[in-house]
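Thanks for passing this one along. Here is a colleague's note to read with the structure open beside you.

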4 protein chains.
Amino acid sequence: MRELNIGIIGTKFMGRLHSHVWKNLSSFFDLPFKPRLLYACGRDASSLASFSEKWGWEKHSLEWRDLAACKDVDVLDICTPPNLHYPLSMAGIREGKHILCEKPLAMNASEGREMAEAARDRGIVHYVNHNYRRCPAVVLAKEIISSGKLGRVLHWRGVYMNCNLLDPALPIGWNMVKDIAGSGPLSALNSHSVDLARYLVGEIASVSAVNRVIVPERPVKGGGTGKVTTEDASCMVVEFENGAIGSFDTSRFASGRKNYNSFEIYGSRGSLAFNFERMNELQYHSEDDPPETQGFRTINVSESFHPYMTAWWPHGHPIGYEHTFFHAFTDFIQAVDGNKKIKPDFYDGWRGMQFIDAALKAGETGARVYLKAAER
Amino acid sequence: MRELNIGIIGTKFMGRLHSHVWKNLSSFFDLPFKPRLLYACGRDASSLASFSEKWGWEKHSLEWRDLAACKDVDVLDICTPPNLHYPLSMAGIREGKHILCEKPLAMNASEGREMAEAARDRGIVHYVNHNYRRCPAVVLAKEIISSGKLGRVLHWRGVYMNCNLLDPALPIGWNMVKDIAGSGPLSALNSHSVDLARYLVGEIASVSAVNRVIVPERPVKGGGTGKVTTEDASCMVVEFENGAIGSFDTSRFASGRKNYNSFEIYGSRGSLAFNFERMNELQYHSEDDPPETQGFRTINVSESFHPYMTAWWPHGHPIGYEHTFFHAFTDFIQAVDGNKKIKPDFYDGWRGMQFIDAALKAGETGARVYLKAAER
Amino acid sequence: MRELNIGIIGTKFMGRLHSHVWKNLSSFFDLPFKPRLLYACGRDASSLASFSEKWGWEKHSLEWRDLAACKDVDVLDICTPPNLHYPLSMAGIREGKHILCEKPLAMNASEGREMAEAARDRGIVHYVNHNYRRCPAVVLAKEIISSGKLGRVLHWRGVYMNCNLLDPALPIGWNMVKDIAGSGPLSALNSHSVDLARYLVGEIASVSAVNRVIVPERPVKGGGTGKVTTEDASCMVVEFENGAIGSFDTSRFASGRKNYNSFEIYGSRGSLAFNFERMNELQYHSEDDPPETQGFRTINVSESFHPYMTAWWPHGHPIGYEHTFFHAFTDFIQAVDGNKKIKPDFYDGWRGMQFIDAALKAGETGARVYLKAAER
Amino acid sequence: MRELNIGIIGTKFMGRLHSHVWKNLSSFFDLPFKPRLLYACGRDASSLASFSEKWGWEKHSLEWRDLAACKDVDVLDICTPPNLHYPLSMAGIREGKHILCEKPLAMNASEGREMAEAARDRGIVHYVNHNYRRCPAVVLAKEIISSGKLGRVLHWRGVYMNCNLLDPALPIGWNMVKDIAGSGPLSALNSHSVDLARYLVGEIASVSAVNRVIVPERPVKGGGTGKVTTEDASCMVVEFENGAIGSFDTSRFASGRKNYNSFEIYGSRGSLAFNFERMNELQYHSEDDPPETQGFRTINVSESFHPYMTAWWPHGHPIGYEHTFFHAFTDFIQAVDGNKKIKPDFYDGWRGMQFIDAALKAGETGARVYLKAAER
């Protein structure tokens, strides 16, 4: 089988998970290419070596800036903090590499726009990894909406919360530093929720917001304290271009919430609800059911005819978080074969950054901020 | 036992329910007064007569405007649409009657302010019936927050939705007419949610909103179509005076939601969740539980030591919607005995109206609207 | 309106609840007779007096044995412990009174048979108050099964547990004394579950069982300890006459269960699940739904077209435990009008006692015990 | 790193899943040996070849009977239907191979006993793959029980149902043939539930049962119909040696249940509930919580300090079915290092077979069947 040479940058949570997926993808999915774990880059020599050995990367290097220029690499897999997405992607685009980039796409809409336009102009395959789009329950939600069973979508309620920063004694990490992370939960969590809203409901036309820093100062590893430069929580209301309205809540201070990526969608003929903490389930209510027995159905999305599920186990045997990555990466490889589009791409990533910029501005000014339609 | 003479105006849903409660209250609660169902007023002669007979009102009259002046009446119970709350209350206040008024208090903040100030100045007992405050699970939530177990409250998510107007063939009713209802779900539903937020979190400092009319024109009973003059759905974000932030979603177009009055509250030491459709339950998560076994507890709020529950059945035997009214009315009668305060009162109703005015203005202008602190 | 004179024996939990229902029934349901709270009997003079006054019983007497002979009484309402059900009912039958008897019907099948045959022969209206049959969600379950939507019923899982006796320091009460209560949770709890199984699935043909006394000795009020003479928990498996199989679990030692009266029913075309702790909901799964969106529906059984619900509040406004009694008592009064049958009657009560006898015997002997078909 | 040479027999569901785990285990867990996918055996030449290639087995052969004798193989991994577990295991034991055998261990207790005794005498590491023991939520349940937090365990309710055979047009498969499968859901499903009961509660002393064939005749692939020789559903009640009682329900005719492996455990100080369809959650109720806020906690078992979870993703990122196999196989390899015991072993498998034999006999005879204590 033809091989697709992967070069990865980043060896932490996402680096590990991407490695696992590249390594095993062809065991579960019929692919036009077999991914080859060719080149791994990182910043720390010893962890990079053990990472490469553990996952079977053939070569590894600390010269991560040079990976884009490496002739053998077909796909650049960017698993770094957000501040490196732009320079690494732009380098990759220049070299004509296909790019799989972790989310959020960039530090702001301006970077995002440049990346999207450059990727489009260079003709590469580009993908930003909002993996939740490929949770089977979410794809089923999309199919239900696309089929018209929900009628006209009227109302979105999105929430993405965890409790990760609840402890004020937790030292500052890169994800609380604006210059590295771009923003706080707006980038880390809510960008996923916005991507789901755009996928399932449509483009967002405007946003109003309140943002809060809850613990403004934290210990610094090594001693002393430092300032948190990202927001800790946000509440937003939006108008969609198609007339629907909606809200988003995001926080890293939500006691008891571990990965509470949840939504409710109300349409004129039915409604949907989803919570990633119960990722194998979709709630669906239909006005077309007989009135006496209408109710929210808890669909166990695990049948072989459900999206992507034929690759896995018999019904009722839950899949987990990592499987959403398998689904995304198989679609990515299909897209590379024939240079097709895959969504969400850098255009979507740019739209996502537009939203973050607007939400931050709306929070500061108190005014509703309108998002400009972006050219594709 | 001393009696308390009740005069009621309104014979529909709320009229029936209030009658049931007045009639049975003393069987379940020890009261300083026994309510006497003295005087019932309505606008339709035949339904008024059967209403009075069914519930045992001693007298009835179509001259509802005169009830306030009726010497024997101690308590004016106002169960009319919102547009009559102001004139009826003001008449009652002038006559020194105690007033139990259905929600929302008024048509706007200006009416509400006048009512609150007049009631305060006249020294009557005044109460606006946001009955959900006296759902035992909600009182337990309040006790948890007041005890400090939740730490500092950081984030509120409120929603109140139903599906009542989903059918576009449904004719216009008074609750879609601005001049009678004041507003749509902002008055009918979300005013309850705002009252709960004020009760559990604190005063609201600002609001941003988007409001929508979804079905702008509907059939009119008798023929033709007419314009819906109230909003159909709203999304709001708020700042609380204490620094917490939050969101509200409300709609009468939410397929599958029957009386979805639900909230989540996140504090620095724990969190709470509630849904009135499962009114006997409260969800509670505590950071003080041992880490390995932390999780949201589903508290079945039915023990004899839970708020108000000693009056009812053994644990695990659910109470229903009407019981929240029993709890409110027993507190009201306790307040009348000794002319004490009961909350929420007309001041709270006024604050609620402020919020609605602000949310409507915020929706129109796109600007965050700050609520002025009201003098008590 | 014609009146129906009620005589009640018993002033505790059931006495209170029945009084409330008799008093208010005609406000919510159109009845051929208005219940008149005529005569209350009890064993304790002071509590009887306050009971009568609180609920408005016109007369009261300590001579409860004579109530059956009281000319004015039309309906004998028996709210005593089980050991008095037989003598009181037999006396009432002799006098031709209609009888509403609390559950379980009797102390054993022999008593039950005599009661059922005497009641049948005398031609009175007789009803044993397995109230859960008239929970709207349960009636909806019955309608779904009767309509054929579940296909052939194959499997029943019933459970009825609470935690009432978990504390070993709790003194012995009448409900732990075999000579008063007949048996433990088999009578107090599981008899309801058996009644639901007979209602929803069909007659039970055989039972195997294990029974346990968990705390055999307890404090006696006043001093010393005494022996618990009833079982504390039981597990049973059954065959139904129609070929279905099933299990029952019952206990008063189930930590966290308050009134866990729950069942699952599996048929060849669908299935149902119910838990009284969420009594306004029914779970329903149908093989007739489109495969991709099949799932258990949580039906909020609160629409005006749901069983009995037109009498109450708008959809989504929960009803509670006591409402099941309203539904039963309205049907009872309808039956009295025209001397019609109402189910479950003393025949059903007898079958229920047969089951308890058989379960106790099965537990002792280790053998499967077959229930003899009872003549109607 | 030292390698451990695996030889596998079976290429279907379990073959695929075991391969995936052997291949990836060392990426997630620190192991004393790295598993080497050495030898794969099956019965069909073409599917065996593609299986071997897909998963990276170095060698493959149709002579599966000879695998046990293959010098290089350290571990025999038996993924065949039950009828081959005995001959393959006995061959492996003779050759001194360590054995990982799929469940149920054998066709009956007699085979099981022989296997357990031979394995013990030969001193190999032996394991029967009741993988659900190593679901993190189940291990947490075990820890809670072992710590004494549940007090004395009183009552078990187990259920394992799916809907796999609901369609009567489904042709007969090997899992409905007694000579291949041993029994129906008693082997396929309930054996897991019994293993969990033995793990969490203790040894089972007696069982009473009813068993049913629901669809006795089915189409045969190729034409005609044949007789189903295994039961389709069973209900059982048990006594545990420690005095607890319990019930089991199992069926492959449960509409809407996909992999409904669920239990409730009631103890004198608390209780637990688990459903594998929500495998990342454990329900826990504790009498030690403050009374006002007692309730079942939904523990999201995904913290790094939860059993096995440090190997996976951050909290709130669900793991799936296959991860339970990772946990089992890592423990198996740890046991091989130093020839330690791992549970459940062939002794446990034998006890499980005893139970099935007893349940079948109890169903036939109607008598309670006592399980003989097995020597270890």
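The points below walk through sheet, domains, a loop residue, a helix and a chain pair.

1. Please keep in mind throughout that this is a predicted model.

2. Let us start with the sheet of chain A. Six strands form an open sheet with parallel pairing, in the order S3-S2-S1-S4-S5-S6 (chain A). Its edges are strand S3 (59–61) and strand S6 (126–128) of chain A, each of which pairs on one side only. On average, neighbouring strands are turned by 20° against each other, direction ignored.

3. If you zoom in on one strand pair, strand S1 (residues 3–9) and strand S4 (residues 75–78) of chain A run parallel and are joined by 4 bridges. Within this pair, Ile9(A) has Ile78(A) of S4(A) as its bridge partner.

4. Two helices are worth a look alongside the sheet. Helix H2 (residues 45–55) of chain A packs on the sheet and touches strand S2 (34–41) and S3 of chain A, with its direction making about 170° with that of S2(A). Helix H3 (residues 85–94) of chain A lies across S1, S4 and strand S5 (98–101) of chain A, and runs at about 165° to S5(A).

5. On to the domains. The assignment for chain A gives domain 1 (3–131) and domain 2 (133–317 + 352–365). Taken over C-alpha atoms, the centres of domain 1 and domain 2 of chain A are 25 Å apart. Their contact takes 15 residues from domain 1 of chain A and 17 residues from domain 2 of chain A. The domain 1 side of this contact in chain A has 9 nonpolar, 5 polar and 1 charged residues.

6. You will find Cys135(A) in the loop between S6 and helix H5 (136–146) of chain A. Is Cys135(A) buried or exposed? With 26 other C-beta atoms within 10 Å, Cys135(A) is buried, because 20 or more is the cut-off for that class. Leaving aside neighbours within four places in sequence, Cys135(A) is in contact with Phe276(A), Met279(A) and Thr324(A). Ala116(A) is 19 residues from Cys135(A) in sequence, and 25 Å separate the two in space, C-alpha to C-alpha.

7. Now to chain B, where helix H5 (residues 136–146) is mostly covered, with 8 of its 11 residues buried. The buried residues of H5(B) include Pro136(B), Val138(B), Leu140(B) and Ile144(B). Among the elements covering the buried residues of H5(B) are strand S7 (153–161), helix H8 (190–200) and strand S14 (270–275) of chain B. Just after H5(B), Gly148(B) takes a positive phi of about 90°.

8. How is chain C laid on chain D? A turn of 180° and a shift of 0.0 Å along the axis do it, with an RMSD of 0.0 Å. The two copies are therefore related as by a two-fold rotation axis. In chain C, Ala367(C) has the C-alpha nearest the axis, 2.3 Å from it. Since 100% of the interface residues of chain C are also interface residues in chain D, the copies meet through the same surface.

Note on methods: Residues numbered from 1 in each chain as written. Chains lettered and ligands numbered in written order. Predicted model: local features only at pLDDT ≥ 70, side-chain atom pairs only at ≥ 80, totals over all residues. Buried ≥ 20, exposed ≤ 12 C-beta atoms within 10 Å, placed from the backbone. Contact = placed C-beta atoms within 7 Å. Domains from an automatic or database assignment. Nonpolar A, V, L, I, M, F, W, Y, C, P; charged D, E, K, R; others polar. Pairing = 2+ DSSP bridges. Axes fitted to C-alpha atoms, helices over the stretch in contact; angles between N-to-C directions. Least-squares fit on C-alpha atoms with pLDDT ≥ 70 in both.
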